[in-house]
Amino acid sequence: MRAGGRVGKSSRNWYIARVILSTIRSLWVWGAVILLILLWLPLLALVRLFDADPVRYTTGRWFRRLGVAMTKVNPSWRVHRDGEKIANPRRPYVVVSNHQSFADIPIISHLPWEMKWIGKAELFRIPFVGWMMRLAGDIPVDRADRRSGARMLLAARRSLHLKCSVMFFPEGTRSPDGRVWKFNEGAFHLAVKAGVAVLPVVIEGTRDCLPKRSWRFGPPQEIRLRVLPPVETEGITPEGVAELTAKVRRMIVEQVASWRGQDAAAVDALTPGPSLPPPAGGPAGVPEG
């Protein structure tokens, strides 16, 4: 009994120490992030003042650098980026990625080209961050308003016409269990109508970086970010969008499964079998954030 009591006490002490360390680390990271945001807003406003590009390409690139800086101040995030090299950053793509957590946004910002992010309208009303999203030319959408969805697609198509990529999370929200859920077809319809390629991006390891509904950062993580080969849309009709969507989704599922050493069925949330309820996606794959 005494030995069992000592083991139980030791486990409790270890747990308490772990929570304390996690809290201290999280407070440090959030403090650094808030300071970065406060410093970045006037810098971004100055860049925007001299950015004559109609798509605000340089302003957007500086805003993504804020995401990179956010990962640098977090000692628990180790980012490994590889995959396709994009020779011409001004060749526009519709970029799509799986979505595991809010941490995906600063991680994907490591990609060395500019793209306009599609985001919930509520995000654009957040002080400082929302102001910078507007300065950078990101595209808001109200998920409950179909007309807003149509305006978003028009703005995204304009960005593509001005030779700037756009970024979608076609699952529409963060995965509740780490698997890849159904893709909305809006981003793929946009790619076909605009005549641009779809560029799949795969992210792995962020699910526990910043757990949903928690302000504490998770334990140290090895995060992988890979750019897959672009999928051309030339010759694809609107009737072929469903097949295009399935093809790109399959590429992402297979890459996640390969990293995890699992069968694709274990990663694919659409595979029949026991599963959590699917998340409610927004129009055209609008990220929940």
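Which residue forms a salt bridge with Arg91? The partner is Glu232, and the closest N and O atoms of the two are 3.0 Å apart. A salt bridge here is a side-chain nitrogen of Lys or Arg within 4 Å of a carboxyl oxygen of Asp or Glu.

## Basis of the model

This is a predicted model, in which local features need pLDDT of at least 70, side-chain atom pairs count only at pLDDT 80 or more, and totals for chains, interfaces and linings use all residues. Residues are numbered from 1 along each chain as its sequence is written, and side-chain values use heavy atoms, with hydrogens and water left out.

## Overall make-up

The chain has 8 helices and 7 strands. These are DSSP runs, numbered from the N terminus (helices are H or I, at least four residues; strands are E, at least two). Of the 289 residues, 47% count as buried. Buried means under 20% relative accessible area, exposed means over 50%, and partly exposed lies in between (1.4 Å probe, protein chains only).

Contact means heavy atoms within 4.5 Å. Among contacts between residues at least 6 apart in sequence, 77% join residues at least 24 apart.

## Nonpolar cores

A nonpolar core is a set of buried Ala, Val, Leu, Ile, Met, Phe, Trp, Tyr and Cys residues joined through side-chain atoms within 4.5 Å. The largest one holds 40 residues, of which Leu66, Val95, Ile108, Leu111, Trp113, Met115 and Met132 touch the most other members. Elements giving two or more residues to this core include helix 1 (2-49), helix 2 (57-72) and helix 3 (104-108). Helix 1 supplies the largest share, 7 residues.

Leaving out residues up to four places away in sequence, Val95 touches Trp113, Met115, Ser165, Val166, Met167, Phe168, Leu199 and Val201. Another core, of 31 residues, lies apart from the largest one and has Val166, Ala187, Ala191 and Ile252 among its members.

## Helix 7

Helix 7 runs over residues 241-260. Its 20 residues should span 28 Å at 1.5 Å a residue, and its end C-alpha atoms are 29 Å apart, which agrees. The expected span is 1.5 Å times one less than the number of residues. Gly261 follows the helix, with a positive phi near 70 degrees.

Buried residues of helix 7 include Val241, Leu244, Val248, Ile252 and Trp259. Among the elements covering the buried residues are strand 2 (93-97), helix 6 (186-194) and helix 8 (264-267). Arg249 is also in helix 7, and it is buried, with a relative accessible area of 9%. Apart from neighbours within four places in sequence, Arg249 is in contact with Val180, Trp181, Lys182, Phe183, Asp268, Ala269 and Leu270.

## Salt bridges

The structure holds 11 salt bridges. Asp53 and Arg90 form one of them (3.0 Å, N to O). Asp53 lies in the loop between helix 1 and helix 2 and Arg90 in the loop between strand 1 (77-83) and strand 2, so this pair ties together parts that are 37 residues apart in sequence.

Asp82 forms a salt bridge with Arg226, with the closest N and O atoms 2.8 Å apart. This pair links strand 1, which holds Asp82, to strand 7, which holds Arg226, 144 residues apart. Asp82 is partly exposed, with a relative accessible area of 32%, and Arg226 is partly exposed at 24%. A network of salt bridges links Arg64, Glu114, Lys116 and Asp138.
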